[in-house]
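Subject: Structure handover

Dear colleague,

Please find the structure below, with its sequence.

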Amino acid sequence: SLPASVLKNARQNGLVMIHRNTPAQLSWRTQIVTAAEPGEPLLVAGQVFAPDGRTPAAGVTVYAYNTDAQGYYGANRAEYPPRLYGWMKTDAAGRFELSTIHPGRYPNMRVPSHVHFELWGGGYPLWWAEAVQFAGDSYLTAEMQAKDAQLGKFHTIGEVRNGRCEYQIRLQ
């Protein structure tokens, strides 16, 4: 779990979306939606690496959340807290799998759809990773795509193939 001092200042440090304590037991896989959740199923298959970009980071807690198919985080079209969220702990190879739905884009904004990830533990401090976005989203600009292409294997715009997107994160 995160230290109380970190959660206390959630609005200042960007953690307002973590609104419950981390479960004591975590798997490297989680499903944050039920079969009744509207939207296209999406599996984000991730792998976390140490800052060197080569060494898998085992035992890292990964907190993920995304909007519903309509583009809202909270219940009844609320901004937050998120309704679709969950935790994973990376396995020995640094892997995690998130089963969710393809998130909707924010209403009345030109922000590409995305899934957020926050990571901590396993010997690493709290870190807010770049959100994974999805190729083909009409809100992705040429500039965003060009910048992302420079990130190599740690790119944040993923191809969705057969409902699956791969995402690699390098800790800082």
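In this predicted model, five strands form an open sheet of mixed pairing, in the order S1-S5-S2-S10-S9. Strand S1 (29–31) and strand S9 (160–161) are at the edges; each has a single partner strand, so one side of each has no neighbour in the sheet. S9 and S10 run antiparallel and are joined by two bridges. Arginine 161 is placed opposite arginine 164 in S10.

Salt bridges come next. The count is six.

Arginine 83 and aspartate 68 form one of them, with N to O at 3.7 Å. This pair links distant parts of the chain: both residues are in the loop between strand S3 (61–66) and strand S4 (84–89), 15 residues apart. Aspartate 68 is buried, at a relative accessible area of 11%, while arginine 83 is partly exposed, at 34%. The two also belong to a network of salt bridges that links Glu37, Asp68 and Arg83.

Aspartate 137 and arginine 105 form another salt bridge, at 2.9 Å from N to O. Here too the pair links distant parts of the chain: aspartate 137 is in the loop between S7 and H3, and arginine 105 is in the loop between strand S5 (95–101) and strand S6 (114–121), 32 residues apart. Aspartate 137 has a relative accessible area of 13%, so it counts as buried, the cut-off being under 20%. Arginine 105 is partly exposed, at 32%.

A further salt bridge is made by aspartate 91 and arginine 95, whose closest N and O atoms are 2.6 Å apart. Aspartate 91 counts as buried at 15% relative accessibility, and arginine 95 as partly exposed at 39%.

Last, the largest pocket. It holds about 450 Å³ of space. The lining has 19 residues, of which Glu130, Asp148, Leu151, Phe154 and Thr156 are the closest to the centre of the pocket. By type, the lining residues are 10 nonpolar, four polar and five charged.

Which elements supply at least two residues each to this lining? They are strand S7 (124–134), helix H3 (142–149) and strand S10 (164–170). S7 gives the most, with six residues.

Best regards

Methods:
Residues numbered from 1 in each chain as written. Predicted model: local features only at pLDDT ≥ 70, side-chain atom pairs only at ≥ 80, totals over all residues. Heavy atoms only, no water. 1 Å grid on protein atoms, 1.4 Å probe; cavity = no way out; pocket = protein on both sides within 12 Å on 5 of 7 lines; lining within 4 Å. Points joined across faces, edges and corners; volume = space filled by probe spheres on them. Helix = DSSP H or I, 4+ residues; strand = E, 2+ residues; numbered from the N terminus. Nonpolar A, V, L, I, M, F, W, Y, C, P; charged D, E, K, R; others polar. Pairing = 2+ DSSP bridges. Salt bridge = Lys/Arg side-chain N within 4 Å of Asp/Glu carboxyl O. Buried < 20%, exposed > 50% of the residue type's maximum accessible area, 1.4 Å probe, protein only.
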